[in-house]
Amino acid sequence: MKIAVLALQGAFIEHEKKLEQLGATCIELRQKSDLDQDFDGLVLPGGESTVQGKLLKELEMFDDLQKRIQDGLPTLATCAGLILLADRIVNQDQTYFSTIPMTVKRNAYGRQLGSFHTIEEMKGLGKVPMTFIRAPYIESVQEGVDILSEVNDHIIAVQYKNQLALAFHPELDENHSIHQYFINMIKKSTR
Ligand code: GLN
């Protein structure tokens, strides 16, 4: 199983470590030519969504990746990655891949609660440790988007078809359940 990790900026190495511990092979997407290869899954890591969005366009990687996601490529998106998938962002006009019908709020927790850690229930996975770093949350979702977890009355994890989007950073905690869940999504994928 080959999983491509977007490696333009942000917390991508931690995802690679986790996925490799679970038996997957990771490749890094850094430039357009990296998209010549085929892969079974995609990780959009945390970082800064504005920077990632700009680089994706400048490096001419955007359209190819958007099409793959639309065509059903299993995708795990965390934090900034979740923002890239949203089709509406409340505090800015610019959107990116727009492949999940949901409205997100960037830097939603303000300054004081910018970063925090909690352990909460996630649908199908039980208790999961969650590290939030200047995180977004999801204000609302459209039909078809499955809400997997809510923390403090805010939606912070969803699945929409082939896409798993999380406001927190599962790659920063010991727990492997999210990455295992994603690997199982790839195994079940019929694309
Ligand atoms: N605040 C970042 C953004 O708006 C996301 C932070 C993160 O990925 N940890 O893109």
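1. A residue is called buried here if 20 or more other C-beta atoms lie within 10 Å of its own, exposed if 12 or fewer do, and partly exposed in between, with C-beta atoms placed from the backbone. His169 has 24 C-beta neighbours inside 10 Å and therefore counts as buried, as does Glu171 with 25; of the 191 residues of the protein, 41% fall in this class.

2. This is a predicted model, in which local features need pLDDT of at least 70 and side-chain atom pairs count only at pLDDT 80 or more, whereas totals for chains, interfaces and linings use all residues. Residues are numbered from 1 along each chain as its sequence is written.

3. The unreviewed UniProt entry lists Cys79, His169 and Glu171 under "active site", with positions given in the numbering used here, the feature name shortened, and the caveat that annotations may be inferred rather than shown by experiment. These residues span 93 residues in sequence, yet no two of their C-alpha atoms are more than 11.1 Å apart, so they gather at one spot.

4. His169 sits in the loop between β12 (163-166) and α5 (177-188), and Glu171 is found in the loop between β12 and α5; helices (H or I, at least four residues) and strands (E, at least two) are DSSP runs numbered from the N terminus.

5. Leaving aside neighbours within four places in sequence, His169 is in contact (C-beta atoms, placed from the backbone, within 7 Å) with residues including Thr78 and Cys79. With the corresponding exclusion, Glu171 touches Ala11, Glu14, His15, Lys18 and Thr78.

Notes: Contact = placed C-beta atoms within 7 Å.
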